Amino acid sequence: MAELDLASPPPQAALQNLAGMTRAELQAVLAESFGLDGKKARMRANQLWRWIYHYGVTEFGDMTDIAKEMRAGLAERFVIARPEMTERQVSTDGTRKYLLKMGPGIEVECVFIPDVGRAGALCVSSQVGCTLNCTFCHTGTQKLVRNLTTAEIVGQVLAVKDDLEEWPSGDENRRLSNIVFMGMGEPLYNLDNVSKVIEVISDGDGISISRRRITVSTSGVVPEMHRLGEETAAMLAISLHATNDPLRDELVPINRKYPIATLLEACRNYPGVGNARRITFEYVMLKGVNDTDAEARELVRLLKGVPAKINLIPFNPWPGAPYECSSWERIEAFADIVNRAGYASPIRTPRGRDILAACGQLKSASIKKRASEARREASL
Ligand code: SAH
Ligand code: SF4
């Protein structure tokens, strides 16, 4: 972990990338580059905004309502770029996994899952790797960690919209209707950027994904939860996974800092929470670890008074994982108890398992390759 550096952004490209900027950032950069006053800069920013986020154009030449001279001026200074797509895999169930390159040696994954939410959900990464070491999660075993910038996270959405050919935004029949921050990383350790990303992608004049269709999943970074709700009005998901502190300490080590009672108190106080805006509690089913009937009953008891949905996630194995997934009968028995307590359809069907795209299986291929090279070298 010697190179752990969460704060420093990637090296600046020669031409500044406008894709990923907030309205305010666009306005500021235009005012500065062209010496525009506030009103003119705002007008220009609004024009560009629509081209970038509603129409998805990447060439200034396509911006037909902007004077030719201005377009040339823009092209001299800026680009509208996407992260480079270095790999694209389509699962037998239609799930698409992408590997996107953000810079030298920096790759992240994002996954598009059809038939989730209103139409389909894109699972985005908020960090390269993760500093938290949840014992059942593949991402947590990746050494290289840094926060992704706003542009790098928005870039995932843009690149996938390109691939799905979903421009202009806002089509009734769109396939990408929901965004979940459930890819690599802990979004609440990168809240400044996550908050700006949500501002960009929820804007009705652009990508236009409603805040109610955006879910941020956290392992339980309690001090940032309130700000998440206040700033973004996003839906909240909590990776609970255990019903007592000693077990959660082991599975989700951040629990040692913010134990279950503290976490649930923060949930009760989450801005906007109520029966119409429930918090999702994720619970990974680990064979012989957290999957007894007694634990199902304890889960129900714990969540009393919290407007909650429960999502049971069959454990998705990865190479070298120290756990197994609970049997299907066990998961159903557990789900039955939870169901009878009034929580509907709680089992999350594993998607894209054949391409290691399911929850917790993500880890940059570049890192995997390095690890396998190291093993090969070691065995020589
Ligand atoms: N860091 C955040 C968001 C990313 S993880 C968080 O922990 O909430 C997204 C979800 O996948 C979390 O609920 C996480 O606990 C779960 N997960 C991680 N590894 C998994 C695995 N191998 N099988 C099933 N779910 C897993
Ligand atoms: Fe990080 Fe979430 Fe994986 Fe835990 S489950 S290691 S917090 S990505």
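At what angle do the axes of helix α9 and helix α10 cross? In this predicted model, local features need pLDDT of at least 70 and side-chain atom pairs count only at pLDDT 80 or more, while totals for chains, interfaces and linings use all residues. Residues are numbered from 1 along each chain as its sequence is written, ligands are numbered from 1 in the order in which they are written, and side-chain values use heavy atoms, without hydrogens and water.

The axes of α9 (residues 293-302) and α10 (residues 328-340) cross at roughly 30 degrees and come within 9 Å; axes are lines fitted to C-alpha atoms over the stretch in contact, with angles from 0 to 180 degrees between N-to-C directions. Helices are DSSP runs (H or I, at least four residues), numbered from the N terminus. That angle makes α9 roughly parallel to α10, a term for angles under 35 degrees.

Beyond residues up to four places away in sequence, Gln156 touches Pro83, Met102 and Glu109, among others.

Ile254, in the loop between α7 (245-251) and α8 (260-268), is likewise buried, at 5%. Its C-alpha atom is separated by 7.1 Å from that of Leu132, 122 residues apart along the chain. Leu132 also belongs to the surroundings of ligand 2, which include Cys130 and Ser219, each with a heavy atom within 4 Å of the ligand.

Terms used:
Contact means heavy atoms within 4.5 Å. Helices (H or I, at least four residues) and strands (E, at least two) are DSSP runs, numbered from the N terminus. Buried means under 20% relative accessible area, exposed over 50%, partly exposed in between (1.4 Å probe, protein chains only). Angles under 35 degrees count as roughly parallel, over 145 as roughly antiparallel, 65 to 115 as roughly perpendicular and the rest as oblique.
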